[in-house]
Amino acid sequence: FNMSLYKAEIEIKKILLECEADNESFDVTLGKLNGIKVLGHVFPTLMLIAIMDKFSEGYESRQKKYFNGEEDIQGAYDAAAIKWNNR
């Protein structure tokens, strides 16, 4: 993708959220982010790693929001996984 810095920010967040939801590996996610270009240039790998690291810090708060603020994220995950896998 070749885009503006603003559009790149939106695309990065979209990729991170999709990869998180799809349980993609670090390498797969990094590979997808490497496809984003601004003014014909890709972001430096070290910068993308830092972005992924910062994004991962917010995982628990995103999960709490997803599970309507439940404190027992693991319990909610386990219950949902069992239902999902038994369908």
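**Chat about a predicted chain**

Modeller: Among contacts in this chain between residues at least 6 apart in sequence, 46% join residues at least 24 apart. Keep in mind that this is a predicted model.

Colleague: Ok. How many helices and strands does the chain have?

Modeller: There are 5 helices and 3 strands. Along the sequence they come in the pattern β-α-α-β-β-α-α-α.

Colleague: And what share of the residues counts as buried?

Modeller: Of the 87 residues, 24% count as buried. The accessible surface of the chain is about 6700 Å², and 57% of that belongs to carbon and sulfur atoms.

Colleague: Let's take helix H2. Which of its residues are buried?

Modeller: H2 runs over residues 26–33, and its buried residues are Thr29, Leu30 and Leu33. They sit on the same side of H2, because they cover an arc of only 100 degrees around the axis.

Colleague: Why do residues three or four places apart in an α-helix point the same way?

Modeller: An α-helix has 3.6 residues a turn, so residues with that spacing point the same way.

Colleague: What covers the buried residues of H2?

Modeller: The cover includes helix H1, residues 5–21, and helix H3, residues 45–56.

Colleague: Switching to Phe55. Where does it lie, and is it buried or exposed?

Modeller: Phe55 lies in helix H3. Its relative accessible area is 16%, and the cut-off for buried is under 20%, so Phe55 is buried.

Colleague: What is Phe55 in contact with, leaving aside its neighbours within four places in sequence?

Modeller: With those set aside, Phe55 is in contact with Leu16, Leu17, Glu20 and Arg62.

Colleague: Take Glu20. How far apart are Phe55 and Glu20 in sequence and in space?

Modeller: They are 35 residues apart in sequence and 9.9 Å apart in space, going from C-alpha to C-alpha.

Colleague: Where is Asn23, then? Buried or exposed?

Modeller: Asn23 is in the loop between H1 and H2. Its relative accessibility is 70%, and exposed means over 50%, so Asn23 counts as exposed.

Colleague: And where does Leu39 lie?

Modeller: Leu39 is in the loop between strand S2, residues 37–38, and strand S3, residues 41–42. With a relative accessible area of 73%, Leu39 is exposed.

Methods. Residues are numbered from 1 along each chain as its sequence is written. This is a predicted model: local features need pLDDT of at least 70, side-chain atom pairs count only at pLDDT 80 or more; totals for chains, interfaces and linings use all residues. Side-chain values use heavy atoms; hydrogens and water are left out. Buried means under 20% relative accessible area, exposed over 50%, partly exposed in between (1.4 Å probe, protein chains only). Helices (H or I, at least four residues) and strands (E, at least two) are DSSP runs, numbered from the N terminus. The arc is that of the directions from the helix axis to the C-beta atoms. Contact means heavy atoms within 4.5 Å. Accessible areas come from the Shrake-Rupley method with a 1.4 Å probe; for residues, only the protein chains shown count as cover.
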